[in-house]
Each structure stands twice: as C-alpha cells, then as structure tokens.
Amino acid sequence: MNSTIKVAKRTLLNNRRLNYTLPTNTKLYPAQWNWDSAFIALGYSNFNLDYSFKEIETLISGQWDDGMIPHILFHIKDLNYTPNYKAWNCGRKISSSGITQPPILASILRIIIERQKFSKKEIKKHQTLILKIKKYLEWFIRYRDPKKTGLISILHPWESGYDNSPLWDKSMSKIKIDSKLSYKRKDNKIVKKSQRPLKIDYDRYVTIKNHLRELNYDPKKLYFKSKFNVVDVGFNSLFLKALKDVNFLLKFIGKSSIFLKRYILLNESKLIKLFNSRKMKFKNKDLKNDTSIEIPSITNFFMLFADLNNNLINRELIKGLKKYYKNEKYFFPSISSKHKSFEEKRYWRGPVWVNCNWIIYQGLKNKDKKFAEIIRKKTINLVEKEKFREYYSCKSGLGMGAKNFSWTAALYLDFKLNRS
Ligand code: DGY
C-alpha cells in the first residue's frame, strides 16, 4: 500500500477519541467540529465504515431540540480553546457552541451510502440519521430565512467555516467592539500569528458571540437581532446540495417532504441570481447593512457543487474558475491572488484548503471530467509533498497551520481511493 495512504489512515486514527475525531493532534482544536467531522466520516468510509457512522452519530447526538447541529461539540470540558464551553454556555446533553456550520454532512452521508451500494433495507437502518439531518435542514429554512426570501443567512463568520475571509471584511468593520471584552486567545500561541486571524477579528468574533449569548441563542430572535447577517453564495450552494441529497435519501426510506422540495426550487432560482455571468461576478448580500459583497473567493464556485439545473451557467462557472486560478502553481487559493485582500499565509485569506478542492472536484466530476481529474491529481501531489497540513501556500506549496490535520488526511484518502 502507498505509504502516504497508510499515514493518512494513521493520522485519522491517532486523532480519534471516543467515537469522534479531533481536527488535529495539536491543542489547536480540542473538540468535535461540525463540517470537519463530516469530511472525516467520509475519510473513514474508505477503510472503516463503523468509525464513519460513529463519527456521524456522535455529531448528530449534539443536535438541539429545535434541529440545529452546532458548529462545535465540547465532549470534554477542555478549557484550552477560546471560546471554550463555559464562554458559550450552551448545548443540551452535550456542551456546544450556539451557532452552526455548513451542512455538508447531508451530501457526505449520501456519498457514503451510494458508494456502499446499500440496499433499501440497509439504508433504512440509517433512517434516524437521515430524518435528523432533514430536521437540521428544516431548521435553516425556518430560522435562517424567516422571511422566506429563498436564501439562508449566516449570523457569525464562524458559521461559514471560512472565518476570516475578506468576504466579511466590510460587514465586520461595522461591528462595534464590546468595551468589556475579556478573553485570552490560545490559537496564536500554537500556530504562527502570521497564519491566524488578527486580534481585531477575534475582538469582533467574541463581541458577536457574546451578543448571541445575551439573546439566549433563541433562534426566533437571532436572525433579526444579530450584529452580523449575511447571505453567502458558498454557504447557500452547500445548503442547496444538502437539500437535494437529503431529498434523494428520503425516497429510500419511503418519505418525502414538500417543504424541502419547494425550497429547493426557490433556493436554486435565487442562488442563480447571485451570479452575473456577463461580468463573471458573484454577489453576496450583507442583510444587516443592506450592501452587497463582491470578493473573488473560491467559495463562490461552490455553486458548481450545488449541481444547478442550468448547463449554461455551469459552463460559465467553469470558465470563470479557470480564470480564477490562472498562473497559480498550486491551487485553488481561497482568495484570488490578484485581489488586494489576498494574503499568502493567513488562514482563509489566500491559502489553499483541501476541503475546497474536494468540493469543487465533486462539483466538476459530472461537468468537466478532465478538469476534475487535474484537480484530483494536483491536490494529491500537494499533500504528498507537504503532508497533512491545515492549509498550503498557492505560491510555494508550503504547508501551514496545524499539522496532522484530519480533514486533509480524510480527503486525501478520498481523492486517492476514488477516481471518478
Ligand atoms: C477556529 O477556532 O479557528 C475555528 O475555525 C472556529 O470555528
């Protein structure tokens, strides 16, 4: 067996705790993260299906009564993370954060189930999981689009997963920092400061979080009162794909949902309007400040993953993507290196992330096989050169951030062991 495959498996197993897996073996992220866990489950499905389902079940066990699956589950009362479980002060049976993350879990569960070629009877065994994910997606529609606009809002940059992306700069600049703020960061003692978000970012993250806490994380209030309320193209694309995938899985357990089906049509038509193919530009919306955001971010191209029922737009998106990374030795940069906000080494402001490559690859597989294969090979080569880092420079390929990063190992396995 290829030795990098062996090390990838070992990385996941070493990061595994009781039925869930940490994002890395450093002290950087001492808990279970929502979208990390989904990618990790996919990685396990390539060699240990039991661990794969355990990972998903543990994540879902943190679901709130209203349907939300939090972005972090603090299974262990570890204080070495900011903000820790006390600072969030929420969660039900399991302490958690009070916000969510992209619901990629739905799409990953579908991939796992399809690849295993499960019979209807075998799929039925997982019906509780499918129904809980359905409830999670309904929660988004109910509480993140209460005005039924057809687009889902995120209420904290951490919800996007791409925390300090320049996508949020303008909206974040409007946040008045709480004068009584008191918190101590640990992350920039573990990873180089130059690769992590700035102090001003954290001041604002914690200010927003404290405000959500003051509102008791009441989902009925948050959409209207949060200091941050943004409609993001990337997030909505992942959400739309999640809806389609859950809808697909529901059929196998003899269920269907008109509510979800209607929202699929509405969400797709509204999402398409956020892309201007003539100008090749995407428009995210800051609902709090009633402005639009136009930043060349790789996450805009998650629209390819949403499998839009529109070949013309899909072709335009592919054209745009080819331009987006042109002349880059390693790709995809999280922000176009031609944009003024690009920073080669700082977290989500430029570095290459393997999960973004995987999402784009999945979106391209049925639209441009040749291009998809280039992405697969380039990502494999980058990871084999630098090992399982959190992110990489698009200029030099240098690995940065955490080492032994779980989703990089998981998705490397997935790239390596599944050719389309
Ligand atoms: C972090 O701590 O950097 C995480 O991305 C927040 O979810």
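This is a predicted model: local features need pLDDT of at least 70, side-chain atom pairs count only at pLDDT 80 or more; totals for chains, interfaces and linings use all residues.
**Loops, ligand site and a helix pair**

User: In which loop is Phe332 found, and what is omega for the bond joining Phe331 and Phe332?
Analyst: Phe332 sits in the loop between α15 (311-324) and α16. Phe331 and Phe332 are joined by a cis peptide bond. Its omega is about 5 degrees.

User: What percentage of the ligand's exposed area does the protein bury?
Analyst: The residues around the ligand are Tyr29, Trp33, His71, Tyr81, Trp158, Asp163, Arg196, Tyr202 and Tyr347. An N or O atom in the Asp163 side chain is 2.6 Å from a ligand oxygen atom, and a polar side-chain atom of Arg196 is 2.8 Å from a ligand oxygen atom. For Tyr347, a polar side-chain atom lies 2.7 Å from an oxygen atom of the ligand. Taken alone the ligand exposes 240 Å², and the share buried by the protein is 96%.

User: At what angle do helix α2 and helix α16 pack, and how far apart are their axes?
Analyst: Two packed helices are described by the angle between their axes and the distance between the axes. Helix α2 covers residues 34-45 and helix α16 residues 354-364. Their packing angle is about 65 degrees, and the axes are apart by 12 Å.

User: Is the crossing of α2 and α16 left-handed or right-handed, and how many residues of the contact are charged?
Analyst: α2 passes α16 in a left-handed crossing. α2 contributes Trp35, Phe39 and Leu42 to the contact, and α16 contributes Asn355, Trp358 and Ile359. Five of these residues are nonpolar and one is polar, and the number charged is none.

Terms used: Residues are numbered from 1 along each chain as its sequence is written. Side-chain values use heavy atoms; hydrogens and water are left out. Axes are lines fitted to C-alpha atoms, for helices over the stretch in contact, and angles run from 0 to 180 degrees between N-to-C directions. Helices (H or I, at least four residues) and strands (E, at least two) are DSSP runs, numbered from the N terminus. A crossing is left-handed if the near helix is turned anticlockwise from the far one by less than a right angle, and right-handed if clockwise. Contact means heavy atoms within 4.5 Å. Ala, Val, Leu, Ile, Met, Phe, Trp, Tyr, Cys and Pro count as nonpolar, Asp, Glu, Lys and Arg as charged, and the others, Gly among them, as polar. A residue is near a molecule or strand if one of its heavy atoms lies within 4 Å of it. A polar contact is a pair of N or O atoms within 3.5 Å; within protein, one must be able to donate a hydrogen and the other to accept it, and residues adjacent in sequence count only if both atoms are side-chain atoms. Accessible areas come from the Shrake-Rupley method with a 1.4 Å probe; for residues, only the protein chains shown count as cover.
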